[in-house]
Amino acid sequence: LQGPPGTGKTREAKRIVKALLGLGENDSLEGNEQFKLIQFHPSYSYEDFVMGYKPVEKGFELKYGIFYNFCQKATKNPDKDYFFIIDEINRRNLSKIFGELLMLIEADYRDEKATLAYTGSDFSVPKNLHIIGMMNIADRSLAMIDYVLRRRFSFFDIETAFDSEGFSNYQKEFSNNTFDKLIEKIKKLNEAITQDQSLGKGFCIGHSYFCNAEECTVEWMKDIVEFDILPMLSEYLFDDESKLNEWKNILDGVF
């Protein structure tokens, strides 16, 4: 699942898992043995993910990683589906983290065996283990993802949903003219971002910034603009101060 920040990728991933597990929208995945959610970060390694030697009181001991253990659990229960969700999947080099298991996650190689580097034993990734990755495509600090990742996953765009039925109903419940005006300006801003050749739709402002509020107050809306939207815009338009100030005046003008 790829898309700009604030489009609800994590929420959508969990909704997919719940649907496939036969759970309701409001059911919790907390503690469900068929579900695991992790987030990649710059220090994440093969040793954390698959296996590696970790320091103990008297030297080092071979420890199994989170993905290895989850695969073992799925292998022992072939009649159940297991879901492994990786947030920020493009924040690390998949070849380094998966190692020899990178081939095994492909659909055509499930249940095939490969030799593990640390133990020399055979290992496979079962067919009943499904991997969902989430990727923020608006992060300038990340290089374009390599073909290793693209060959092993299908890609689905998660876009802003200001015009969706769900958000429209949420907006109507507030019945707030200022909120309506602010959302219209954000839509116009997203149109401008999409048409900007140096940005594009991957940098749009997500709808989730405006969700989950129990009460629609001017203070709440101002906080979103001042502390969420404008700082992000300053990153996007770091080389165009006049355009940044133009949008600052437009958004502040709502109030």
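Residues are numbered from 1 along each chain as its sequence is written, and side-chain values use heavy atoms, with hydrogens and water left out. In this predicted model, local features need pLDDT of at least 70 and side-chain atom pairs count only at pLDDT 80 or more, while totals for chains, interfaces and linings use all residues.

View 1. Helix H9 spans residues 241-253, and its 13 residues reach 18 Å from first C-alpha to last, close to the expected 18 Å (1.5 Å times one less than the number of residues). Helices (H or I, at least four residues) and strands (E, at least two) are DSSP runs numbered from the N terminus. Look for Leu244, Trp247 and Leu251, the buried residues of H9; buried means under 20% relative accessible area, exposed over 50%, and partly exposed in between (1.4 Å probe, protein chains only). They sit on the same side of H9 because they cover an arc of only 70° around the axis, taken from the directions from the helix axis to the C-beta atoms. The face turned away from them carries the exposed residues Glu241, Ser242, Asn249 and Gly253. The buried residues of H9 pack against helix H7 (177-195) and helix H8 (218-236), where contact means heavy atoms within 4.5 Å.

**View 2. The hairpin of strands S3 and S4.** Here S3 (residues 51-56) and S4 (residues 59-64) run antiparallel, joined by six bridges; strands pair if DSSP finds at least two bridges between them. Two residues lie between the strands of this hairpin. To find your place, spot Pro55, which stands opposite Phe60 in S4.

View 3. A salt bridge is a side-chain nitrogen of Lys or Arg within 4 Å of a carboxyl oxygen of Asp or Glu. Glu159 lies in the loop between H5 and H6, so its pairing with Lys201 ties together parts 42 residues apart in sequence.

**View 4. Glu88 with Arg91.** The closest N and O atoms of this salt bridge are 3.7 Å apart. Glu88 is buried, at 16% relative accessible area, whereas Arg91 is partly exposed, at 26%.
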